[in-house]
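Please find below a colleague's note on the structure, written for a reader who is new to such models.

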Amino acid sequence: MSIKRFLWILTHLHLNDISLQPRRDEENFDKLFKVYPLLSHLSERHESIFRPGKCQAINESMIKFKGRTSLKQYMLKKLIKRGYKVWMSCDESGFRFQFKIYTGKVKDVENKLSERVVTYEKNHLLYMDNFLLRLTIYSDF
């Protein structure tokens with residue numbers, strides 16, 4: 001594919017109606033507005049197709065990205081140091097059935113991060129690291 005064709009596709013392909021996008025200073029502004037239909041479709045399909053086992057692991061993962069974006073995170077102790085941080089809930093087989101892309105701190109609600117990340121049903125064994133466990137205990141999860 002030529003660069004000219006790629007740039008044409010890039011400028012004309014839209015997943016959401018950008019005329020409905022809230023401004024940055026509005027309360028309901030979402031950084032992922034343009035790709036939200038794709039993310040919600042993937043999330044719904046993963047949850048409808050796959051029934052997770054009793055054991056589930058919840059942790060953050062990094063998707064490598066070196067470009068410019070306000071969503072990019074830096075984590076010193078991770079193998080992939082720069083990129084998108086994604087909170088994932090995985091089955092014991094390793095299949096990811098829930099995910100949420102971290103978009104940054106939400107106006108003084110950061111202590112409720114575990115509630116934004118984790119949704120689970122009863123009778124499941126949850127495995128998580130110290131960071132998420134600390135958030136879960138302190139936010140009365």
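The numbered points that follow go from the whole chain to single residues.

1. Basis of the note. This is a predicted model, in which local features need pLDDT of at least 70 and side-chain atom pairs count only at pLDDT 80 or more, while totals for chains, interfaces and linings use all residues. Residues are numbered from 1 along each chain as its sequence is written, and side-chain values use heavy atoms, with hydrogens and water left out.

2. Overall layout. The protein has 4 helices and 5 strands; helices (H or I, at least four residues) and strands (E, at least two) are DSSP runs, numbered from the N terminus. Along the sequence, their order is α-α-β-β-β-β-α-β-α.

3. Burial and surface. The protein has 141 residues, of which 24% are buried. Buried means under 20% relative accessible area, exposed over 50%, and partly exposed in between (1.4 Å probe, protein chains only).

4. Contacts along the chain. A contact means heavy atoms within 4.5 Å. Among contacts between residues at least 6 apart in sequence, 45% join residues at least 24 apart.

5. Helix α2. How far apart are the end C-alpha atoms of helix α2? They are 20 Å apart, which agrees with the 20 Å that its 14 residues (36-49) should span at 1.5 Å a residue; the expected span is 1.5 Å times one less than the number of residues. Leu-39, Ser-43 and His-46 are buried in α2. Seen down the helix axis, the buried residues of α2 fall within an arc of 65 degrees, so they line one face; the arc is that of the directions from the helix axis to the C-beta atoms. Glu-44 and Ile-49, on the other side of α2, are exposed. The buried residues of α2 pack against β4 (96-101).

6. Strands β3 and β4. Strand β3 (residues 82-91) pairs with β4 in the antiparallel sense over 5 bridges; two strands pair if DSSP finds at least two bridges between them. Phe-99 in β4 is the bridge partner of Met-88. The hairpin of β3 and β4 has 4 residues between the strands, and Gly-94 there takes a positive phi near 100 degrees.

7. The largest nonpolar core. Which residues make up this core? The 7 residues are Leu-32, Leu-39, Leu-71, Val-86, Met-88, Cys-90 and Phe-99. β3 gives the most to this core, with 3 residues. A nonpolar core is a set of buried Ala, Val, Leu, Ile, Met, Phe, Trp, Tyr and Cys residues joined through side-chain atoms within 4.5 Å.

8. Val-86. This residue lies in strand β3 and is buried, with a relative accessible area of 2%. Val-86 and Ile-101 are 15 residues apart in sequence, yet their C-alpha atoms are 4.4 Å apart in space. Not counting residues up to four places away in sequence, Val-86 touches residues including Asn-59, Ile-63, Phe-99 and Ile-101.

9. Met-62. Is Met-62 buried or exposed? Met-62, placed in strand β1 (residues 55-64), is buried, with a relative accessible area of 10%.
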